[in-house]
Amino acid sequence: MHEFSITESMLSLALEKANEASAGRITRINLVVGELSGVVSECVQFYFDAISKGTIASGAELSFETKPTTVRCHKCDNVFTPGDHNWACPECKETSIEIVSGRECHMESIEVE
Amino acid sequence: MTVKVITVGEDILGANEEKAKANKSRLDGYGILTINIMSSPGAGKTSLIMSTIKSLKEKARMAVIEGDVASSMDADKINEMGIPVVQINTAGGCHLDANMVESALNGLPLEKADLLFIENVGNLICPNAFLLGEDKRVMISSMPEGDDKPYKYPAMFADSDVVLLNKIDLQPHLDFNVDGFKKTVTGLNPDVILFPVSCKTGEGMEAWLDWLESAVKGKKKR
């Protein structure tokens, strides 16, 4: 359900940027979404199709670049993809880590006519 | 027609963050310590708030914003305790956002409060992505949910200032690895403060209350 509010925010940001550029139509919106962001792209597309009707973004293609989850070891700086049940560093077994990628939820660019 | 690419490079929830900042400065103006309480449904958010109200009633003036998908059950309970409360019903929405909190603040006597609890919608997936204007994020993870929650919802644990491990009175009945849980949580979030508690028996609550009371005082002084 959070996809609805995310889609609303995304549409209003895209419309704002298109408006600033005096664009007539938005043809494509390029989004970057991390695995940990909890955003399901099909859901966003579904809501987008519904709420963009009647705006200059209607019919725009949504492009999703998915960022995988990666974490950095606090001890040896190794960046790795955590396992399902084990987030310890595979190199030095340290468990103190920080999330490097996977939480993204931003708009890279829009394409307009 | 030629296609033009406009670089945006902005967070999709940027507008929410702006609104959250406005809420925060409004609350800062009153010196109110604001706590965003997040957990899965049934982990003990309302129990924690009620138990904390009972203990701190003489020491701090409290107010509550209750977020739920539907019903006013939780708000009614707080209201019976004589504490100002506003219920937000998200009508299916799985989290609170800064806009909803802004409206709720209008219904509270902010000039008469030192401590505001915002009880988020029970959910471990996304509430952490929506800033509300809080000073601290407090997450409750209860023992019956299992010790694997940090692996399943890492962002939630990484974003919390305090994690309360609730329902420790049930430990004899559960296979919950407390040390393993602590290690995973502090691994994800080295600055986290972890309090094992039981809202039911009161065990461990003193440490949480001490922390909270000193945070309220710290906020007033600023």
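Two strands count as paired if DSSP finds at least two bridges between them. Strands themselves are DSSP runs of E with at least two residues, and helices are runs of H or I with at least four, both numbered from the N terminus.

This is a predicted model, in which local features need pLDDT of at least 70, side-chain atom pairs count only at pLDDT 80 or more, and totals for chains, interfaces and linings use all residues. Residues are numbered from 1 along each chain as its sequence is written, while chains are lettered from A and ligands numbered from 1 in the order in which they are written.

I start with chain A. Strand E3, residues 70-73, pairs antiparallel with E4 over two bridges. Within that pairing, A:Val71 has A:Phe80 as its bridge partner. The open sheet has three strands in the order E4-E3-E5, and its edge strands, E4 (79-80) and E5 (97-101), each pair on one side only.

Next, the interface. Here 31 residues of chain A contact 31 residues of chain B (C-beta atoms, placed from the backbone, within 7 Å). On the chain A side, helix H1 (2-20), E5 and strand E6 (105-112) each supply at least two residues. E6 of chain A runs antiparallel to strand E1 of chain B, residues 4-11, joined by six bridges. One bridge pair there is A:Ser109 with B:Thr7.

Last, B:Pro144, in the loop between strand E6 (136-142) and helix H5 (149-152) of chain B. B:Pro144 counts as exposed because it has 12 C-beta neighbours inside 10 Å; the cut-off for exposed is 12 or fewer, for buried 20 or more, with partly exposed in between. Leaving out residues up to four places away in sequence, B:Pro144 touches B:Lys167, B:Leu170 and B:Leu174.

Conventions:
Contact = placed C-beta atoms within 7 Å.
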